[in-house]
Protein chains: 2
Amino acid sequence: MELSERKKKVLRSIVDLYIRGAEPVGSKAVAELPDMNYSSATIRNEMAELTAMGYLEQPHTSAGRVPSAAGYRLYVDELMSDYRLSLDETRSISTAIEEKMQRMDKLVEKVAKMVSQATDLPAISMASRQGVVTVKRFDLILAGQGSFILVLLLSTDEVVNKLIKLPLEVSEADLKLLGAALNAAATLIPAGEFTQSLFDRVMGAAGSAASLAPVVLEFTLETLRRPGNTSIMVTGQHRLLDQPEYRDVDKAQRVLTSLDEETLANLPDVIRNENGTQVLVGPENVARELKDTSVVVTKFDIGDGMQGMIGVVGPTRMDYAKVTARLSYFAESLSKLFAKPEQKQLPESGEDPKEA
Amino acid sequence: MELSERKKKVLRSIVDLYIRGAEPVGSKAVAELPDMNYSSATIRNEMAELTAMGYLEQPHTSAGRVPSAAGYRLYVDELMSDYRLSLDETRSISTAIEEKMQRMDKLVEKVAKMVSQATDLPAISMASRQGVVTVKRFDLILAGQGSFILVLLLSTDEVVNKLIKLPLEVSEADLKLLGAALNAAATLIPAGEFTQSLFDRVMGAAGSAASLAPVVLEFTLETLRRPGNTSIMVTGQHRLLDQPEYRDVDKAQRVLTSLDEETLANLPDVIRNENGTQVLVGPENVARELKDTSVVVTKFDIGDGMQGMIGVVGPTRMDYAKVTARLSYFAESLSKLFAKPEQKQLPESGEDPKEA
DNA sequence: TTTAGCACTCAGGAGGAAAGAGTGCTAAGA
DNA sequence: TCTTAGCACTCTTTCCTCCTGAGTGCTAAA
C-alpha cells in the first residue's frame with residue numbers, strides 16, 4: 001500500500017528529528033517544523049496511522065514516536081534527501097586518501113581510521129581477494145649463511161616475501177635451479193591443484209636443491225589459500241560511546257564485543273553483490289547482537305581481483321544521509337585511485353556545498 | 001618508615017579484597033578472613049593508621065577503605081604474592097604462541113589478541129626496531145610491462161618489498177645495473193647518511209637505469225626512517241567495559257579514546273629500560289586520561305635489533321598478581337620462541353598449579 | 001477534512017524517611 | 001600495653017510517594 005504524500009512527509013520529519021535529537025518525537029515538535037502546515041492534532045492522527053502501519057513505535061503511552069525498523073527502511077530507500085558533501089568535506093577526504101598507502105593491510109587500517117573519523121562512528125574496513133589466486137612468478141634471493149628470500153608475485157599483483165632459514169648451506173646455483181623448476185611447474189596453478197605429483201615434479205627438476213622445495217611449496221600453498229579476506233580492521237570503537245543510545249554500557253558492550261569477534265567474517269555474505277552503498281537496518285543485520293544497530297557498507301574495486309569494503313556501525317538512528325554520502329565518496333575516490341594509480345584522480349564533487 | 005608486619009598483612013588483605021570485589025573494604029570483611037586473628041576493632045585501628053600514612057583512602061566517612069596509588073605501589077613492589085599459572089593456563093598460552101606467526105605486524109596483532117583474551121583486559125602490543133637500521137642487500141626483479149619488484153633485506157633481517165610501476169619499459173639489464181649500483185653505494189648506510197651525493201653516485205653508476213634510482217632510493221629512505229615502532233596494536237577494548245569502574249561511560253570513553261589515539265606512542269619513553277614486567281599505577285601513567293587506570297607492560301626480545309612489548313590496560317584495582325604472571329609468561333615464551341626459531345621451546349612452568 | 005479542547009496515561013524528578021554499612025572512640029579485659 | 005566489645009555517629013543508598021509535564025486519543029465544532 002502506498003503512503004500518502006503527507007504521511008511520507010510526516011514520517012520523514014520524524015526520522016529527521018529523531019536522528020538529530022535522539023529522543024522520541026511528539027506531534028507538537030513535528031507540527032512546529034517550518035514547512036508543516038498542519039496542526040498538531042492532524043499530525044497526531046497521521047502518527048497514529050503510521051504507528052498502526054508499523055512504521056513508528058511508541059516506547060510508552062505518553063512518549064513521542066520513534067521510527068521502527070520498517071520506518072528506517074522506508075526512510076533509507078525512499079524518503080531521505082541527498083546529502084551533499086561540502087567542499088571542505090570532499091577536500092579533506094581527498095587529501096587523506098592521496099597520502100600514499102603502501103601495503104594492503106596498511107591501507108585497510110588507514111582507510112578504517114579515516115572513515116571512522118569522517119563519520120564519528122566505529123568503522124570497518126576490509127580487503128579481500130576475489131576469485132582464484134595464482135603465483136605469477138617465483139624468485140629466490142640468496143641472503144647469506146643458510147638463508148634465502150622467497151618472493152612471490154601473485155596474480156593480484158601483490159608481492160609476498162619470506163625469509164627462509166635452513167640449517168644447510170645454500171648455493172646460488174641451487175637457488176637458480178629451484179627457481180627455474182618452480183617457475184616452470186608451479187606458476188599459474190591455483191591452490192586446489194597443488195598435488196603430490198606437482199611436488200614431485202618440482203623436486204625432480206630442482207636437482208641438488210630438491211630438499212628446499214617442500215618448504216617453498218608449503219609456504220606458497222599457504223599464501224594462496226590464505227582466507228579470502230586478507231585483512232579486516234575495526235577502529236574508532238570509542239566513538240560509539242558518543243552516541244546517546246550507548247550510554248547504556250551493556251548495550252555498548254554487546255556491540256563492541258561483536259565487532260571485536262569474528263562476527264564480521266560473515267559480513268560479506270550478507271552484502272548484496274551489486275556495488276553501491278547498502279544499509280542494513282537493525283534486525284536485518286549480521287549478528288543478533290547488532291539488532292539495535294545499523295551497518296552501512298560500501299564496496300569498492302581495488303582492481304586485479306581484489307575487492308575492498310568499508311562500512312560504519314552505529315545506532316539505528318544514525319544520520320543515514322550523511323553517512324551514506326561520505327562512505328560513497330570514499331569508495332568512489334578509492335576506486336578511482338586504484339583504477340589509475342599513476343595519475344591520482346579524485347571524483348569531482350561538492351561544487352554546490354550545502355546540507356540537506 | 002617500615003610498616004609493621006601486621007600493617008602489611010592488613011594492607012595486602014585490603015588490596016586483595018578490593019581487587020576481587022571492586023568495592024571499598026570494611027574492617028569487618030578483613031577481620032573475617034581465615035588467617036586474620038584479630039578483631040575488627042584492631043583492624044580498624046590499623047586501617048586508621050594506614051590511612052594517615054597515605055596507603056589507604058576513604059571515599060567518604062562511612063565507606064570502607066580503598067587503596068591509594070601509594071598503596072598499590074607498595075602492594076605491587078612488596079606485598080603481592082606470586083601468582084602461579086595453572087597447568088591449563090600455561091598450556092593454552094603455549095599452544096597459542098606456537099601457531100606460527102608470519103609477519104611482524106601479524107605477530108603484533110595476534111599477540112595482542114592473545115594477551116587480551118588471557119587477561120580479560122584491553123591489550124597493547126608493539127614491536128619496534130632498536131637502534132639504527134640499514135639495508136643489507138637490494139634486489140630488483142623484473143615483473144613485466146614497466147614494473148619491477150624492489151626487495152630490501154634489512155639489517156634486522158626483515159624483508160620489505162614493493163612493486164614499482166613506471167611508465168617506461170624496464171629491461172633486465174637496466175635492473176642489473178641499478179642493483180649493482182645500489183648494492184655498491186647504499187648498503188649498510190643508515191638513513192641519516194642518505195645525502196645528495198649518495199643519490200648522485202648511484203645515479204651515475206646506474207647508467208641507462210639512472211631514472212629509476214630516485215624512486216628506489218626514496219622508498220628505501222622511507223623504509224629506514226619508518227618510525228621505530230613499526231607496529232602497534234590495541235585490542236579487546238570491549239573488555240574494559242566488563243570492569244565495574246568503567247560502567248561509567250564517560251570514564252570508559254576517556255580511556256578508550258586515549259588508547260585509540262597516538263597517546264601510546266609515548267609509552268616507550270615511560271618504560272624503564274630494564275627488561276621485566278613493569279606496573280604503572282594510575283597517576284604515574286603516560287597520559288592524563290589514564291590517571292585512574294593502570295598499565296602493566298613487559299618487554300621481550302625478538303632478536304636482530306627488534307624489541308617487542310606487550311601490556312594491558314585496566315582499572316587500578318586490577319589483579320596485578322595474575323596479570324603480571326600471565327604477561328611475564330607470554331614475554332618469556334615469545335623471547336624463547338625467537339631465540340631459537342627452529343626448536344620452539346617454551347618455558348617450563350605451572351608444575352604446581354594453584355592460585356595465590 | 002481539519003482543528004481545538006480535554007481527560008487520561010505514564011516516565012521521570014524531587015523530597016524524605018529508613019536501612020545499612022562502616023567508622024572512631026571509650027572503657028573494660030588479658 | 002595491647003586487644004576487643006560496645007556504642008553513638010555519619011553518611012550513602014534504597015525505597016517510597018507525590019507531583020509535574022509531555023504526549024496521547026477522542027470528541028465535537030468549524
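Start by selecting 135-142 and 147-154 in chain A: these are strands S4 and S5, and they pair in the antiparallel sense over seven bridges. Keep in mind as you click around that this is a predicted model.

Show side chains next. Pick A:Ile141, and opposite it you'll find A:Ile149 in S5(A).

You have an open sheet of three strands, in the order S4-S5-S6, with antiparallel pairing.

Time for the helices. Select 172-185 in chain A to bring up H7, which lies across S4 and S5 of chain A. Its direction is at about 175 degrees to S4(A). Then select 213-225 for helix H9 of chain A, which packs on the sheet and touches S4, S5 and S6. H9 makes about 35 degrees with the direction of S5(A).

Zoom out and colour chain A by domain: domain 1 is 5-79, domain 2 is 87-122 + 236-339, and domain 3 is 135-225. Between the C-alpha centres of domain 1 and domain 3 of chain A there are 64 Å.

Last stop: show both chains. Chain A superposes on chain B by a rotation of 179 degrees with 0.1 Å of shift along the axis, RMSD 0.2 Å. That's the relation of a two-fold axis. To find the axis from chain A, go to A:Val249, whose C-alpha is the nearest in that chain, 3.2 Å from it. Both copies use the same surface: 96% of the contact residues of chain A recur in chain B.

Notes
Residues numbered from 1 in each chain as written. Chains lettered and ligands numbered in written order. Predicted model: local features only at pLDDT ≥ 70, side-chain atom pairs only at ≥ 80, totals over all residues. Pairing = 2+ DSSP bridges. Helix = DSSP H or I, 4+ residues; strand = E, 2+ residues; numbered from the N terminus. Contact = placed C-beta atoms within 7 Å. Axes fitted to C-alpha atoms, helices over the stretch in contact; angles between N-to-C directions. Domains from an automatic or database assignment. Least-squares fit on C-alpha atoms with pLDDT ≥ 70 in both.
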